[in-house]
Amino acid sequence: MAAGLGGCIVGPSSKDIPPLPERTGYSQKNITQSEAGRDRSSDSLLHRQQFISGADVPGRWWEAFQNPRLNQMVELALTNNQTLKAMQAGLRAAWEQRRVEGASLYPSISAQFIPTRNKTSKALSPVPNNNEWLYNLHTAQLNIGYVPDLWGGSRLAIRNAKAQADIQRFQLEATTLTMISNIVNTAITEAGLREQIRAKEVLIAQQAAMVRINQNQVGLGDQSRQSQLLLRDSLAQLQADLPPLRTQLAQTRDQLATLVGLSPNADLPIFELKDFTLPHQLPVSLPAQLLLQRPDIASAQAQIRSAGAQLGIAIANRLPNVQLSALPGEAVDSMSKMFKPGMGNWMLAATVTQPIFQGGSLLHAQREAKANYEQAKEYYKAAIMSAVSDVADSLHAVELDGSTLLADQNGLDAATQALHIAEAQHRLGDNSQIDVAQARMAVAQDQISVAQDKVTRLSDTVGLFQALGGGWWNRNDLGVSPKDAKRLSTTLVPW
């Protein structure tokens, strides 16, 4: 009976995973490229980006920005980030727990040796051992126990431990992806802040020059005191904008140091917008591929397997259980008689257990497990919709934010040409120094807008790589050797 029932597993199948909803897509129209761009421009950040449907996401996707300093920071974080190391240790512990649960499929064997010195009461029992009151007894015994897995409870516990290890793994992959994305975005933010600070310093310098010119005009009676005060007010406002930018830059540098596992006083490379290259071609995975690529979806899928296994365990706990045991051994009064014929003893036993009344706890535990199982499936569906929405949002951002950058770049080009004209006129004496200062301020203001737009466009690309799963399946984030990583890798499809 034990052999016949050993193949039974109660509870839901591990393959019972909700499918991708029909006609799931990212947009009502087919998005093939960003709307605006200057493909012939020397500035790659102005180029149009194309989407390659079905292309695989590279594991080292950050290298698409062609910034060696950025590559250096990411590689340092992958080997030095303390949170990542802690999660890798937690994953190794989960793998070991899976093996602990696997031991329940095998018999348990233990050995014991009990040497005793005994005294017999003459009043209560015959005097043993040739009328000696004291005697020795040496007992050697094996304890062999085996619990047949009649309803699959042990195998379900193994499945649950494996699913928990999968959850740990995909949480590690999600944390790694978030860390890499934060490093790239932080470096981009730093570069944009540096560009804005330089432009803001130009604004302040030109505004200060206008104040000095106006002050001379006031002294000559050509301008009123009110105009001077208004110019000073504008200068003070510009000066007040600069410290927050510098504070943000310093905090961004501190954040970058923390992400790579260093202290804020570490010597970090400097990032500039001109050092980043905008990837001209971007992969776009099909919605069905997201089920295998997104760590959060894979984690939710593993959670379904874990909840299903726990439901099966709850059902198995209400069914009859059999425990087999054997106690072979020997008991001798002197060690010289050990393992000699006639000294052996043994016992075989079988115990059948059937829960009868537990106050309803087993029934309610089963109902609780079933509710948790249904909850896990709904969370899985929500994770799918969230993933599809993330990709759609990233695609729309990449598609449309280029138009904002192109418009502001056109404005910067016009302001730059106007500055050249103003400088030429000033050399000919056709305008004043104030006209030149105002033209330079217009250029600086447009440079701030363009810098912000470039940061946004680069961050949009980072967001798309992150929304597509970050290519973790093409690299090893597990903190183990490549050989062990291949051995311990988990298939994402339901097993």
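This is a predicted model: local features need pLDDT of at least 70, side-chain atom pairs count only at pLDDT 80 or more; totals for chains, interfaces and linings use all residues.

Tutor: Our part is helix H3, residues 82-102. It has 21 residues. From its first C-alpha to its last, H3 reaches 31 Å, close to the 30 Å expected at 1.5 Å a residue.

Start at the beginning of H3. There, a side-chain oxygen of Asn81 comes to within 3.1 Å of the backbone nitrogen of Thr83.

Now go along the helix. Which residues of H3 are buried? They are Leu84, Met87, Gln88, Leu91, Ala94, Trp95, Arg98 and Gly102. Look down the axis of H3: these buried residues fall within an arc of 115°, so they line one face of the helix. An α-helix has 3.6 residues a turn, so residues three or four places apart point the same way. Turn to the face of H3 that points away from the buried side. It carries the exposed residues Ala86 and Val100.

For context, look at a pair of helices elsewhere. The axes of H9 (residues 361-427) and H10 (residues 433-467) come within 8 Å and cross at roughly 160°. H9 and H10 are therefore roughly antiparallel to each other. Their crossing is left-handed.

Finally, a loop residue. Gln66 sits in the loop between S1 and helix H2 (68-80). Its phi is near 55°, a positive value in a residue other than glycine. Most residues other than glycine have a negative phi. Gln66 counts as exposed, at 53% relative accessibility.

Methods
Residues are numbered from 1 along each chain as its sequence is written. Side-chain values use heavy atoms; hydrogens and water are left out. Helices (H or I, at least four residues) and strands (E, at least two) are DSSP runs, numbered from the N terminus. The expected span of a helix is 1.5 Å times one less than its number of residues. Buried means under 20% relative accessible area, exposed over 50%, partly exposed in between (1.4 Å probe, protein chains only). The arc is that of the directions from the helix axis to the C-beta atoms. A polar contact is a pair of N or O atoms within 3.5 Å; within protein, one must be able to donate a hydrogen and the other to accept it, and residues adjacent in sequence count only if both atoms are side-chain atoms. Axes are lines fitted to C-alpha atoms, for helices over the stretch in contact, and angles run from 0 to 180 degrees between N-to-C directions. Angles under 35 degrees count as roughly parallel, over 145 as roughly antiparallel, 65 to 115 as roughly perpendicular and the rest as oblique. A crossing is left-handed if the near helix is turned anticlockwise from the far one by less than a right angle, and right-handed if clockwise.
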